[in-house]
Amino acid sequence: MRVLRSEAVVRWSKRTLRLGLLLTCFTSIPTSTGCRGIGRFGESRQSIAARRLSRQGTKAMRQGDWTVAETLFTEALDVSNVNDAAHRGMSESLWQKGHRDEAIAHLEKAVQLSAGDPKHMQRLGRMYLEVGRVDEAARQCQIALDSDREWAALWALWGDCQVARNEKDEALSAYHRALSLQPDYPYVQLRTAEIYHQQKRYDRLLATLDRLREDTEVVGDVDEAIRPGAADLLRGIAMRELGRTEESVQFFIASAQKNPEDATSRLQLASIAVETGQPEIAQTWLAQAMRLDPSATRNAGWNVETWLATPPGMVQPGGMPIQPSQPPIIAAQPAASRPRLQ
């Protein structure tokens, strides 16, 4: 009986000690701190609700339903203004609407709340770069690279920052690093090819685009989407510069078909038509280019008024007469590829 009573006393003593410790903790906390403690519990529930709304908003955004997405992100921020995902989502919604300053402000808040999440920083760097704040974009990228040097999208951004600074060799190094981490990266492959074009390194340009898979899903942010027909246009320019004119025509026509709003490929085709003594076809391509982008057409050196108002074969850029001595190239294309005025 004594042993049993002793064990009961020990158990009772332990319970009393625990209760005493709890009472001491509560009575030693000031009233204001206790209120904040209660508030933290409420904020936790609010954070859960905000995260749920943010996830729903992100899903709507990926489905292209920007109105629903913005509503959900707004509700998430009403519930909790300290949710970085909600600020990121609101930033994307505002950016899509063209409200760039507000979008950047929300993304800056997301970076702050996330303690420098590299994904937020990479996107913020892209936004800075888009509005011409190159140094700030580079700074965001540098800080993010300090945290994650194995993410290809960060090296792509660093390359773009160097292009904006006209540091082409530095940009190439960054793009090559990105491709070493992610070989199938169409955006970076095209950016690399564009630098080779500017450097007149056409063999390297073609070698880079030979590895391009245009059907590869674009990885990265929306700003990294590639222009339709861009690869064909670059291939056509390289082929033309290397003297492979017939092949270049095929690529320029493919580029024009893939991007009906681009005048550049049409100007290239018009120029080739002039060189090969086909002024009527040159007029057709030139008329299309003029309709799409009058400024680019005039800046390319075409006397548009003369070309579109006089009989074909009278003049060409530079005022020299056309000598139709070469065999036709464009005229030999399939009927479906022939230019048609709308």
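Here are some notes on the helices and salt bridges of this predicted model.

1. Ground rules. Local features need pLDDT of at least 70 and side-chain atom pairs count only at pLDDT 80 or more, while totals for chains, interfaces and linings use all residues. Residues are numbered from 1 along each chain as its sequence is written, and side-chain values use heavy atoms, with hydrogens and water left out.

2. Overall make-up. The protein comes to 17 helices and zero strands; both are DSSP runs numbered from the N terminus, helices being H or I with at least four residues and strands E with at least two. Of the 342 residues, 41% are buried. Here buried is under 20% relative accessible area, exposed is over 50%, and partly exposed is in between, using a 1.4 Å probe and protein chains only. Take the contacts (heavy atoms within 4.5 Å) between residues at least 6 apart in sequence: 53% of them join residues at least 24 apart.

3. Salt bridges, the count. There are 15 of them in the structure. The criterion is a side-chain nitrogen of Lys or Arg within 4 Å of a carboxyl oxygen of Asp or Glu.

4. Arg-88 pairs with Glu-92, with 3.2 Å between the closest N and O atoms. Both sit in helix H4 (residues 84-96), four residues apart, which is about one turn of the helix. Arg-88 and Glu-92 are both buried.

5. Glu-194 and Arg-191 form a salt bridge at 3.3 Å, N to O. They lie three residues apart in helix H10 (residues 186-198), again about one turn. Glu-194 counts as buried because its relative accessibility is 17%, whereas Arg-191, at 22%, is partly exposed. Both residues belong to a network of salt bridges that also links Arg-126, Asp-160 and Arg-227.

6. A bridge between helices. Arg-240 and Glu-275 form a salt bridge, their closest N and O atoms being 2.5 Å apart. This pair links distant parts of the chain, 35 residues apart: Arg-240 is in helix H12 (residues 230-241) and Glu-275 in helix H14 (residues 264-275). Why does Arg-240 count as buried? Because its relative accessible area is 18%. Glu-275, at 43% relative accessibility, is partly exposed.

7. Which residues of helix H11 (residues 202-210) are buried? Tyr-202, Leu-205, Leu-206, Thr-208 and Leu-209 are. Seen down the axis of H11, these buried residues fall within an arc of 160°, so they line one face of the helix. That arc is taken from the directions from the helix axis to the C-beta atoms. On the other side of H11, Asp-203 and Asp-210 are exposed. The cover over the buried residues of H11 includes H10 and H12.

8. H9 against H10. Helix H9 (residues 168-181) packs on H10 at an angle of about 150°, with the axes 10 Å apart. Axes are lines fitted to C-alpha atoms, over the stretch in contact for helices, and angles between N-to-C directions run from 0 to 180 degrees. The two helices are therefore roughly antiparallel, a label used for angles over 145 degrees. Residues meeting across this pair include Leu-172 and Tyr-175 in H9, and Arg-191 and Ile-195 in H10.

How values were computed:
Angles under 35 degrees count as roughly parallel, over 145 as roughly antiparallel, 65 to 115 as roughly perpendicular and the rest as oblique.
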